[in-house]
Amino acid sequence: QVQLVESGGGLVQPGGSLRLSCTVSRSVFTFNAMGWYRQAPGKERELVARSTSGGDTNYADSVKGRFTCSKDNAKNTVYLQMNDLKPEDTAVYYCAARSAAYGSFTYWGQGTQVTVSS
């Protein structure tokens, strides 16, 4: 059974930074894609970043230039570095993984809350 555990969320002021971590119970090499999603209250879940095994990483337009997704294969961990945070970034952030080359993400973490407020 695959487990994904997020950490690193919290309360931060606008303009601040946070780094989210997602530790996976098996090598990140075994997944074709890993991603970060977020869901704000009253809104649908949205893709924030998606990193493929081929080395491509895509970002939502709203976070381009501010967020960076990276992987540490030795630690089975995926990171989301978030800089210049804005109140509209407030959401529960989820880590996800997919074994198939295409399609929906099939493995999900429990989520970590990020709140951006002064």
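This is a predicted model: local features need pLDDT of at least 70, side-chain atom pairs count only at pLDDT 80 or more; totals for chains, interfaces and linings use all residues.
User: Zooming out, what does the secondary structure of the protein chain come to?

Analyst: Reading along the sequence gives β-β-β-β-β-β-β-β-β-β-β. In numbers, that's 0 helices and 11 strands.

User: Why does the protein chain count as being as compact as a globular protein of that length?

Analyst: The globule rule gives 13 Å for 118 residues. The C-alpha atoms fill a box of roughly 40 × 25 × 25 Å along the principal axes. The chain is as compact as a globular protein of that length because its radius of gyration is close to the rule's value, at 13 Å.

User: What percentage of the 118 residues is buried?

Analyst: Buried here means under 20% relative accessible area. Counted over the protein chain, buried residues make up 42%.

User: In what order do the 4 strands of the open sheet run?

Analyst: The pairing in this open sheet is antiparallel. Strand 1 (4-7) and strand 7 (67-72) are the edge strands, each pairing on one side only. From one strand to the next the twist averages 15°. The order is 1-3-8-7.

User: Over how many bridges do strand 7 and strand 8 pair?

Analyst: Strand 8 covers residues 77-82 and pairs with strand 7 in the antiparallel sense. Within this pairing, S70 stands opposite Y79, and C69 has L80 as its bridge partner. The count for the pair is 6 bridges.

User: On the strand 3 side, which residue in strand 8 is the bridge partner of S21?

Analyst: Strand 3 (residues 18-24) pairs with strand 8 in the antiparallel sense, over 6 bridges. S70 stands opposite a residue of strand 8, and S21 has its bridge partner in strand 8 too. For S21, that partner is Y79.

User: Is M82 buried or exposed?

Analyst: M82 lies in strand 8, a strand that is mostly covered, with 5 of its 6 residues buried. The relative accessibility of M82 is 0%, so M82 counts as buried.

User: What distance separates the C-alpha atoms of M82 and T68?

Analyst: Along the chain, M82 and T68 are 14 residues apart.

User: Which residue in the turn of the hairpin formed by strand 7 and strand 8 has a positive phi?

Analyst: The hairpin leaves 4 residues between strand 7 and strand 8.

User: How exposed is D84, in terms of relative accessibility?

Analyst: D84 is found in the loop between strand 8 and strand 9. Its phi is near 50°, a positive value in a residue other than glycine. D84 counts as partly exposed because its relative accessibility is 38%.

User: How many residues of strand 9 are buried?

Analyst: Strand 9 spans residues 91-98 and is mostly covered. Strand 4 (residues 33-39) runs antiparallel to strand 9, joined by 7 bridges. Of the 8 residues in strand 9, the buried number is 7.

User: Which residue in strand 11 does V92 stand opposite?

Analyst: Strand 9 and strand 11 (residues 112-116) run antiparallel and are joined by 3 bridges. V92 in strand 9 also stands opposite Q39. In strand 11, V92 stands opposite Q113.

User: Last one: which residue in strand 10 stands opposite A97?

Analyst: Strand 10 (residues 107-108) pairs with strand 9 in the antiparallel sense, over 2 bridges. The residue opposite A97 is Y107.

Technical notes
Residues are numbered from 1 along each chain as its sequence is written. Side-chain values use heavy atoms; hydrogens and water are left out. Two strands pair if DSSP finds at least two bridges between them. Axes are lines fitted to C-alpha atoms, for helices over the stretch in contact, and angles run from 0 to 180 degrees between N-to-C directions. Buried means under 20% relative accessible area, exposed over 50%, partly exposed in between (1.4 Å probe, protein chains only). The radius of gyration is taken over C-alpha atoms; the globule rule is 2.2 Å times the number of residues to the power 0.38.
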